[in-house]
Protein chains: 2
Amino acid sequence: MIPEFARICKRGAGDILSDNCEPLSDTPQLTNSAGWVTITEHTPSQQSRRRKLEDTIRMGHGAGGRMMADLIQEVFLRHLDNPLLRQLADSTVLALAGNGRIAISTDSFVVRPLFFPGGDIGSLAVHGTVNDLAMRGARPLWLTAAFILEEGLPVEDLRRVVRSMAEAARRAGVAVVAGDTKVVERGHGDGVYINTTGVGVVPDGVDVGPQRIRPGDVLLISGTVGDHGIAVLSEREGLGFETELVSDSAPLNGLVEALLTAAPHTHCLRDPTRGGVAAALNELAVAAGVGVELDEAAVPVRPAVAAACEMLGFDPLTVANEGKLLAFVPPEEAEVALEALRAHPLGQNAARIGQATAEHPGLVLARTGIGGRRVVDMPLGELLPRIC
Amino acid sequence: MIPEFARICKRGAGDILSDNCEPLSDTPQLTNSAGWVTITEHTPSQQSRRRKLEDTIRMGHGAGGRMMADLIQEVFLRHLDNPLLRQLADSTVLALAGNGRIAISTDSFVVRPLFFPGGDIGSLAVHGTVNDLAMRGARPLWLTAAFILEEGLPVEDLRRVVRSMAEAARRAGVAVVAGDTKVVERGHGDGVYINTTGVGVVPDGVDVGPQRIRPGDVLLISGTVGDHGIAVLSEREGLGFETELVSDSAPLNGLVEALLTAAPHTHCLRDPTRGGVAAALNELAVAAGVGVELDEAAVPVRPAVAAACEMLGFDPLTVANEGKLLAFVPPEEAEVALEALRAHPLGQNAARIGQATAEHPGLVLARTGIGGRRVVDMPLGELLPRIC
């Protein structure tokens, strides 16, 4: 299989099947005991050393894939590095003097269009940050909301966004406690950009994070993949698919509470947003130093999303979700965890989709429908800009 | 004097002297015991009821004046309202279960140009949020940093911004603990926008805020006013004043610690950023339900800034600062407070510039150089867009 893997290239996830790309000839390749190919030293910093950062910012630098990882490593971490930032998790857990721990997470939202089936930038801005906190097992309590408005924005659009934000905050049980408003000239924004930063409290005893994943852990997903990215893209490009495609944008803190109550030894949670399941699993595999085996046929995908992806040439594993979570749980709690997810309105389509393994650390390998295997690579970046 | 005050109009601070404006004919006006004119019910919400919010966003909605106050009241507070948000202070103080209190503050930075004499958007983004936390007496500890990058931005510019941010964070003693990167298409941003959200710990016993201001409190300022706004404007418009104008952008947490050590009963702190001293004092007068008497001649202004303001027709009291604070202290601590400020490198030009009074609540009145009095009104908004 080695010649096959030598074709891993710079074009992103699923690119093992694509033509017209150059192999990363300097990628170290080893054959491990099972005959699989392992890309060693597959860490963001070492990836970066292999690729020169470009001179100007391109859309792909914000799309959640390798280009963004490079930018983070080469520019942001290089100068701002500290042990807390280096967690590079959905949110950062901070220990307060005394015994408490808080989690903090920040996210800016630049989704286009502002309104899409199943949501809008306001509710998305609440869900995105609530979910990042929930992925560390934190109970989200407070959000800040900062708006960059473009001159000429209809105030009625802003009202609609803010109303939606308020409704989403109520539903998620969080309060918006601080805000900021800036206005930029026409042609220097796009209606509304929103930053939300969230603070939550991490209950005593809760400790979920990439470093806790162990070989043998079962990988669960809480529902169908790709709904958000395809819904936004469809609305933006006016694709007019006959079946209605709706974003899954939703607050996951309730689902996480249910999961952690049923399966308190859950090791790691991650919401697969930009870059989809492919980016999330690659990041976790690297951070945890484990391999991930994915049973591709078990990943739930709505028929309409699958059809749209096929038509557009997208891999559903690389498309963004805004109301789904991945969970690594020890095998003995896998069944109760799955039941707990399925018993919750936001987890009805939950499924067992793979496991962590000591083999091929840092690499995600999918068993394909027809019995083969393929590397599920980190998307490069330019697939779906501005979907969150 | 009533006819004079009847000319208060919709054009912003200093507008009592301006022509070509319509009186707010529905402004309730009373003469108080001292013969001064008091505008009663001068609260943001009641102001708003008097003015219909416009249909589209204009630059002035982000400039820190009345237009922004209206927008906050009519759109953001209307839907997101809660007791914490309603503090409308520089930062929000949150009580944790247990005994601790944290302060949180958010700010987006859209300054143009990105680099200006005395600073850049990176250091500004650190100072702005550090200072908002310090104004509640909090010890700033952690920042999040979220970037909205415009396609085509030279990566070298971004590096320069991030390096400056890192240096500013070191100087201020805070760590950047979480980040986010989004990229928008060319023509939908302006190089870099940065949101920083800060979390600090409020030491036990510290309680500074607008509600603590009492009539008789002495008003101090830590140095010269208008430096930041004029420096940015001068750079942006290529005004080429002969004297170099430099922003005062600086972290004030050290200065606040020195002040609170010397004058632990300090009642209120505020950094007069967008809208300058005029906006800050008007907000505090309304929030505290006191009047403010300002000794205009005592307000320190660099000659170069004064000259630039005169040439451009600006009132230095309405121009932004990014390294200055206003303090209301009880009279018995005024002298030690002033000494503590002056002993600090960032407070060498500190001065006593006025006091709080039970007269004319909600109104800021300045004693002018020539012995008269004038209302220092809230700037309307369009004076200096995008200076922070």
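A residue is termed buried if 20 or more other C-beta atoms lie within 10 Å of its own, exposed if 12 or fewer do, and partly exposed in between, with the C-beta atoms placed from the backbone. By that criterion A:Q73 is buried, because 20 other C-beta atoms lie within 10 Å. This residue, A:Q73, belongs to helix α3 of chain A; helices (H or I, at least four residues) and strands (E, at least two) are DSSP runs numbered from the N terminus. A:Q73 and A:R86 are 13 residues apart in sequence, and their C-alpha atoms are 9.8 Å apart in space.

**Basis and confidence of the model**

This is a predicted model, in which local features need pLDDT of at least 70 and side-chain atom pairs count only at pLDDT 80 or more, while totals for chains, interfaces and linings use all residues. Residues are numbered from 1 along each chain as its sequence is written, and chains are lettered from A and ligands numbered from 1 in the order in which they are written.

The predictor's confidence in each residue is the pLDDT, from 0 to 100. Chain A has a mean pLDDT of 85, and 86% of its residues reach 70 or more. Residues 1-49 of chain A have pLDDT below 50, and beyond near neighbours in sequence this stretch has 87 contacts in the model. A contact requires the C-beta atoms of two residues, placed from the backbone, to lie within 7 Å. Where pLDDT is low, the predicted coordinates should not be read in detail. For the complex, the predictor gives an ipTM of 0.86 and a pTM of 0.87.

**Organisation of chain A**

Chain A has 10 helices and 16 strands. Of its 388 residues, 59% count as buried. Among contacts in chain A between residues at least 6 apart in sequence, 81% join residues at least 24 apart.

An automatic or database domain assignment supplies the domain bounds. Chain A is divided into domain 1 (2-78), domain 2 (89-201) and domain 3 (210-375). The centres of domain 2 and domain 3 of chain A, taken over C-alpha atoms, are separated by 23 Å. In this pair, 24 residues of domain 2 of chain A are in contact with 23 residues of domain 3 of chain A. On the side of domain 2 of chain A that touches domain 3 of chain A, two or more residues come from each of α4 (121-134), β7 (139-150) and α5 (155-172) of chain A. The most is given by α4(A), with 8 residues.

A:A89 lies in the loop between α3 (66-80) and β3 (92-95) of chain A. A:A89 counts as buried because it has 23 C-beta neighbours inside 10 Å. Not counting residues up to four places away in sequence, A:A89 touches A:R136, A:G209 and A:P210. From A:A89 to A:V174 the separation is 85 residues in sequence and 21 Å in space, C-alpha to C-alpha.

**Strand pairing**

Two strands pair if DSSP finds at least two bridges between them.

| Strands | Sense | Bridges |
|---|---|---|
| β10 (218-221) and β14 (351-357) of chain A | antiparallel | 4 bridges |
| β12 (291-295) of chain A and β14(A) | antiparallel | 4 bridges |
| β12 (291-295) and β15 (364-367) of chain B | parallel | 4 bridges |
| β15(B) and β16 (373-375) of chain B | antiparallel | 3 bridges |

In β14(A), A:G354 stands opposite A:L219 and is also the bridge partner of A:L294. In chain B, B:V292 stands opposite B:V364 in β15(B), and B:L365 stands opposite B:V375 in β16(B). The hairpin of β15(B) and β16(B) has 5 residues between the strands, and B:G371 takes a positive phi near 95° there.

**Relation and interface of the chains**

Chain B is superposed on chain A by a rotation of 180° with 0.0 Å of shift along its axis (RMSD 0.0 Å). That is the relation of a two-fold axis; the superposition is by least squares on the C-alpha atoms of residues with pLDDT of at least 70 in both copies.

Between the chains, 69 residues of chain B are in contact with 69 residues of chain A. Elements that give two or more residues to the side of chain B that touches chain A include α3 (66-80), α5 (155-172) and β9 (192-201) of chain B. On this side, β8(B) gives the most, with 10 residues. Since 100% of the interface residues of chain B are also interface residues in chain A, the copies meet through the same surface.
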